[in-house]
Amino acid sequence: MAVELPLGNITSANSTLVLIVNTLFPAGLPLQMFSVDTGINMEEVQVADTRMSLDGHMVAGYIPSLKTVQIGLEPASPSYEALCQLYRLTEQRRGFYECGMVLTLPDLNGGAVFTWSKGVLIGGTILPPVQQMLNPTTWTFRFNHFKRG
C-alpha cells in the first residue's frame with residue numbers, strides 16, 4: 001500500500017525581505033519586486049575542509065566562512081533607488097555601512113525566518129542592463145553571521 005504524502009507548499013510569492021542599515025534605514029527597508037530568475041540567493045557555505053597527511057590519513061577542520069547573499073530586483077522596484085543610494089553613499093564615504101537582513105518565508109515548513117547580521121554591500125548593478133526591456137539588477141551582500149529561527 002502506497003503512503004500518501006501531503007502536498008508540500010513551496011510558495012515564495014509571499015516572502016518578505018527587510019534590509020536594515022541602522023544609520024540609513026533604522027526601521028528597516030522592505031525590499032520589493034524580486035526578479036523571477038534571481039530573487040534571493042545565498043551561496044553555498046563551506047563549514048569544513050579536509051586534506052590528506054603524508055602517510056595517508058585524512059584530517060578535517062572547521063572553517064569559518066562569510067555568507068554571500070545575492071538579491072535580484074526588477075528595475076521598476078521601489079527598492080532600486082534605496083539600494084543605489086546605499087551604493088553611492090558607500091562610495092562617497094569610502095567606507096561601508098553595516099547591514100542586516102531578515103527573510104521571512106511563511107510557507108516553508110509552516111514558516112521560517114532567516115537573519116543575516118554584521119554585513120556590508122559589496123556590489124550592485126546600478127545601471128539595469130539595457131536590452132529589449134530593462135533587465136533585473138543584482139545586489140550582493142556579505143555577512144559574518146547567519147541564523148535560522
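## Disulfides and cysteines

The structure holds 0 disulfides, a disulfide being a pair of cysteine sulfur atoms within 2.5 Å. C84 is in no disulfide, and the nearest cysteine sulfur, that of C99, is 14 Å away. For C99, the closest cysteine sulfur is the one in C84, and 14 Å is too far for a bond. In general, a disulfide is a covalent bond between the sulfur atoms of two cysteines.

C84 is buried, at 4% relative accessibility, and C99 is buried too, with a relative accessible area of 3%. Here buried means under 20% relative accessible area, exposed means over 50%, and partly exposed lies in between, with a 1.4 Å probe and protein chains only.

## About the model

This is a predicted model, in which local features need pLDDT of at least 70, side-chain atom pairs count only at pLDDT 80 or more, and totals for chains, interfaces and linings use all residues. Residues are numbered from 1 along each chain as its sequence is written, and side-chain values use heavy atoms, with hydrogens and water left out.

## The salt bridge

How many salt bridges does a search of the whole structure find? It finds 1, where a salt bridge is a side-chain nitrogen of Lys or Arg within 4 Å of a carboxyl oxygen of Asp or Glu. The side chains of E98 and K118 form a salt bridge, at 3.7 Å from N to O. This pair links distant parts of the chain, 20 residues apart: E98 is in the loop between α1 and β7, while K118 is in strand β8. Helices (H or I, at least four residues) and strands (E, at least two) are DSSP runs, numbered from the N terminus.

Side chains of opposite charge can pair when their charged atoms come close. E98 is partly exposed, at 41% relative accessibility, and K118 is partly exposed at 48%.

## Two residues with positive phi

Most residues other than glycine have a negative phi, and most peptide bonds are trans. R94 has a positive phi, near 55°, and is not a glycine. R94 sits in the loop between α1 (80–93) and β7 (99–105), and with 79% relative accessibility it counts as exposed.

N109 is also a residue other than glycine with a positive phi, near 50°. N109 belongs to the loop between β7 and β8, where its relative accessible area of 67% makes it exposed.

## A nonpolar surface patch

Which residues form a nonpolar patch on the surface? They are I126, L127, V130 and L134, with about 400 Å² of accessible area together. Patches are made of residues with over 30% relative accessible area and no salt bridge; like charges are joined within 9 Å, and nonpolar side chains (Val, Leu, Ile, Met, Phe, Trp, Tyr) within 5 Å. Accessible areas come from the Shrake-Rupley method with a 1.4 Å probe, and for residues only the protein chains shown count as cover.

V130, one of the patch residues, lies in the loop between β8 (112–124) and β9 (137–148). V130 is exposed, with a relative accessible area of 60%.

## Buried residues in strands

Leaving aside neighbours within four places in sequence, L103 is in contact (heavy atoms within 4.5 Å) with S15, T16, L17, I40, A112, V113, F114 and W116. L103 and P128 are 25 residues apart in sequence, and their C-alpha atoms are 24 Å apart in space.

T140 is in strand β9 and counts as buried at 16% relative accessibility. The side chains of T140 and Q70 are joined by a polar contact of 3.5 Å. A polar contact is a pair of N or O atoms within 3.5 Å; within protein, one must be able to donate a hydrogen and the other to accept it, and residues adjacent in sequence count only if both atoms are side-chain atoms. Not counting residues up to four places away in sequence, T140 touches T68, V69, Q70, V120, L121, I122 and G123.

## Distances in sequence and in space

E43 is in the loop between β3 (40–42) and β4 (48–52) and is partly exposed, at 46% relative accessibility. E43 and V69 are 26 residues apart along the chain, with their C-alpha atoms separated by 6.4 Å.

G61 lies in strand β5 (residues 58–62) and is partly exposed at 30% relative accessibility. G61 and G95 are 34 residues apart in sequence and 33 Å apart in space, C-alpha to C-alpha. Not counting residues up to four places away in sequence, G61 touches V47, A48 and D49.
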